[in-house]
Amino acid sequence: MEEKKKRIVTRDALGAWDVKYNWHFRSDFMDRYVAALKDKKFLATRCHQCGRVYSPPMTRCGRCFIELHEWTEVKDRGKVVMYTVAYNAISGEPLPEPKITALIQLDGANAWMLAPIKNTKPEEMHTGLRVHAGWAEERKGILADINGFEADR
Amino acid sequence: MEPVAIVGYAQSEMSGHMVSSRDEMIFTCVKQALDSAGIVRDDLDTVISCGNDFYDGHTISQVYTLEASGAYAKDESKVEQDGLHALVYAVMRLLAGHHQIAMVVAYSRASDMEPHAAVAASLDPVYDRQFKVLNDTGVAAFQARAYMERYGLTEDDLALVVEKNTGNGARNPKAKARPATSKAEVLASAPAFTPLRELMVYPNTDGICVAILAAGDRAESLCQKPVWVKGLGWNQELYYLGDRDLTRIASAEAAAAQAFKAAGIGPKDIGLIELSELFAHQEPMLLEAFGFAEPGQGRKLLREGVTAAGGKLPVNVSGGALSACALSAVGLVRAVECARQLRGEAELTVRADFALAHGQCGLAAQNNVVAILGREK
């Protein structure tokens, strides 16, 4: 086996990606979605072919390969379809505090949304747990208006 | 159409930390592969590289690695998925009839970067990356829980997969990223993303695998024991996590069905399986997807010893991805390990006429590729 040598830094070359990305998305969809968040409402799009309701809204149905035009409203509460308690950060290093992330099916939606679970202990988590959105105190009509979800009590 | 065969191969030691440079690693392994096929660089018609710019930290990274790969002034192209997808591409190029000898070069080096952070960049940037909490292990954890809850699997079932595969890997001189690990050690390891523990996740690995393929008569004239590509299949699922059935791997089902159809054989004809089980729960899931067990019954194959190295259907005799997993190379390693078995060169030898090799890419095995290999043309 190759011997592990101690690394000594003698010179740095830029290794991290220093490229700034400005991803574009359908602003008509996003504007409509985030504007409703200000009023604590979740909008969704519905596939007129298969009937699936997507929240967050998708611009097309991947299964049917068609553009979505129909809008509907879903509830700001629903159930945990799946969850994980993260003890590690993205890089793989341990986190100081575990973080919970869940796939949530909002009442009225078919597809699930990914969101952090706040104010809830890991041992309270189970699939099927009823949760509701934790809204920012002062909402601005942006994605960050959703603080996360928390368990109904 | 003329059949295509693997006629030579080489792989580096798959370790957690390689001392050599990337360039040196590629150059050395490509030379060994050419030697194993009994050819020189001039004999190569086409070179397919497989790596990932994010892992390399280098845009269109083959512009830099092509010299070490022996691809200078050659027909060359690159695949950013798995090394087994690169093998599919190489087979296509040979079948097109313009080339007779193809080389596939697949590698990555976890010690050069943060592999989980690099894979996390495949998350959707609009809705999913904003929370900055999930990486590939986190997404696989959703899949693990969905599958385990649906079919009543326990942590023990996952730990036993690690124990079997790393036990096999300990006898493979190439698989050096994780030593033999007992069930108790797996269960005592720290939680990563529940229900997955650290030792249920693939080990960070540096390594390279190279395969040389040739078509028809050329394969037979080059090689006494060519390993024939009997069937290939590949397929993918929707990206969006909220729109996938995580209790099964539907794209693996479709990939295997396509490969079996092409080969004209079925699961009962397979004597050896090499899987890219990046996470322990994926081994039983994949065996079910390929038709070796009913949904939810894959774990029984392990508990009953069927998939042990000495069992009726050995799975991951080489140690699998849980023993060593150089991303991008891992699926090609599976094909090469099958070839070593079919040629009777492996440390733990299994008798088989047909072997199945599997590769994957994407979050929670979104995209799967299956190759069926055989000794007879």
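Two strands pair if DSSP finds at least two bridges between them; strands (E, at least two residues) and helices (H or I, at least four residues) are DSSP runs, numbered from the N terminus. The model is predicted: local features need pLDDT of at least 70 and side-chain atom pairs count only at pLDDT 80 or more, while totals for chains, interfaces and linings use all residues. Residues are numbered from 1 along each chain as its sequence is written, and chains are lettered from A and ligands numbered from 1 in the order in which they are written.

**View 1. Strands 10 and 11 of chain B.** Strand 10 (residues 354–361) and strand 11 (residues 367–374) of chain B run antiparallel and pair over eight bridges. Opposite His358(B) stands Val370(B), in strand 11 of chain B.

**View 2. The open sheet of chain B.** In chain B, nine strands form an open sheet with mixed pairing, in the order 3-2-4-7-1-8-11-10-9. Strand 3 (75–79) and strand 9 (270–274) of chain B are the edge strands, each pairing on one side only. From one strand to the next, the twist averages 30° (axes are lines fitted to C-alpha atoms, for helices over the stretch in contact, and angles run from 0 to 180 degrees between N-to-C directions).

**View 3. The side of chain A that touches chain B.** Here 29 residues of chain A are in contact with 37 residues of chain B (C-beta atoms, placed from the backbone, within 7 Å). Strand 6 (77–88), strand 7 (94–106) and strand 8 (113–117) of chain A each supply at least two residues of this side. Strand 6 of chain A gives the most, with six residues.

Note on methods
Contact = placed C-beta atoms within 7 Å.
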